[in-house]
Amino acid sequence: MMNLIGTSIPQLPLANWVDSLVDWLTQFTGFFNVIINFVAGINGGFQWFFDLLPQWLFIVLVMAWTWYLSRKAPRYWLLVLELLGLGLIWNLDYWQDMTRTLSLVLTSSVIALVIGIPLGILMAKSNVAQTIIQPILDFMQTMPAFVYLIPAVAFFGIGTVPGVISSLIFAMPPVVRMTNLGIRQVPTDLIEAADSYGSTSWQKLFKVQLPLARKTIMSGVNQTLMLALSMVVTASMIGAMGLGTDVYFAVGRNEAGAGFTAGLAVVIIAIILDRITQLVNKPEH
């Protein structure tokens with residue numbers, strides 16, 4: 001009976017539909033060229049800044065920022081980690097790859113925040129928008145990361161830009177969800193108090209809801225940064241240069257030592273980014 005049912009129902013040509021859609025979208029080369037130039041400009045700006053700084057000055061600035069953020073309760077262990085970790089990356093000659101990776105992560109994260117926070121606000125303000133956007137976020141988070149590389153290459157070619165786009169799509173859902181959650185968790189009595197004083201919807205948003213939701217939103221920012229960094233190795237498969245390229249080549253050549261050292265550099269950057277964003281999220285700062 002099961003075989004009869006299976007053979008009597010025609011198979012949906014879903015893969016063919018997706019291929020046709022991608023082929024149709026690739027006709028809009030002008031639109032995608034605008035996105036390529038925009039993303040490449042942001043990434044190039046970050047890379048120019050990092051290249052402008054000597055290695056020792058970059059390390060000093062990172063440590064100074066950490067000290068400023070934690071000045072009420074200094075995290076000496078984090079300062080030592082930053083000094084030793086970044087110094088190790090410099091010593092192992094991974095500095096250029098590290099800055100390329102950091103540029104890619106910051107570019108994708110900045111764009112994700114610019115798009116994601118307003119989407120989270122829209123979801124918090126409209127139940128209809130939440131109903132529509134929620135399953136899209138589920139799709140973005142559960143789809144295997146490798147799948148994003150295929151349309152990224154089809155639309156944007158090989159290089160840094162498709163790596164940024166795939167990282168952006170993969171990393172954006174947390175900040176959208178956490179922005180929505182943070183605003184919805186603002187106590188109703190505070191909203192009513194703002195209404196009683198005649199606050200407009202924009203005044204309530206910027207003076208009540210967003211400040212009170214700041215900690216939750218920053219948790220989403222932290223997760224977006226971490227997910228963007230996790231795409232580094234994957235994005236290296238389509239030409240996004242950085243530490244991921246070193247890891248990818250080491251895997252292909254079966255070089256355990258090179259893979260470990262490049263992976264260790266990724267771990268160091270991940271820990272530093274994670275701890276700094278946590279310090280920004282401290283209420284006393």
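Modeller: Serine 70 counts as buried because its relative accessibility is 1%, where buried means under 20% relative accessible area, exposed means over 50%, and partly exposed lies in between, for a 1.4 Å probe and protein chains only. This is a predicted model, in which local features need pLDDT of at least 70 and side-chain atom pairs count only at pLDDT 80 or more, while totals for chains, interfaces and linings use all residues. Residues are numbered from 1 along each chain as its sequence is written, and side-chain values use heavy atoms, with hydrogens and water left out.

Serine 70 sits in the loop that runs between α4 (55-69) and α5 (76-91); helices here are DSSP runs of H or I with at least four residues, and strands are runs of E with at least two, numbered from the N terminus. A polar atom of the serine 70 side chain lies 2.8 Å from the backbone oxygen of threonine 66. By contrast, 57 Å separates the C-alpha atoms of serine 70 and leucine 12, which are 58 residues apart along the chain.

The C-alpha atom of alanine 265 is separated by 14 Å from that of alanine 250, a residue 15 positions away along the chain.

Turning to charged pairs, the count comes to three salt bridges, a salt bridge being a side-chain nitrogen of Lys or Arg within 4 Å of a carboxyl oxygen of Asp or Glu. In one of them, arginine 100 meets aspartate 97 at 3.7 Å, N to O, and both residues lie in helix α6 (residues 95-125), three residues apart, which is about one turn of the helix. Aspartate 97 is buried because its relative accessible area is 14%, whereas arginine 100 is partly exposed at 30%.

Another salt bridge joins aspartate 138 to arginine 177, with the closest N and O atoms 2.5 Å apart. This pair links distant parts of the chain, since aspartate 138 is in helix α7 (residues 127-142) and arginine 177 is in helix α10 (residues 173-184), 39 residues apart. With a relative accessible area of 36%, aspartate 138 is partly exposed.

A further salt bridge forms between arginine 275 and aspartate 274, whose closest N and O atoms are 2.3 Å apart. Here aspartate 274 counts as buried at 13% relative accessibility, while arginine 275 is partly exposed at 28%.

Technical notes:
Polar contact = N/O pair within 3.5 Å; in protein donor to acceptor, adjacent residues only side chain to side chain.
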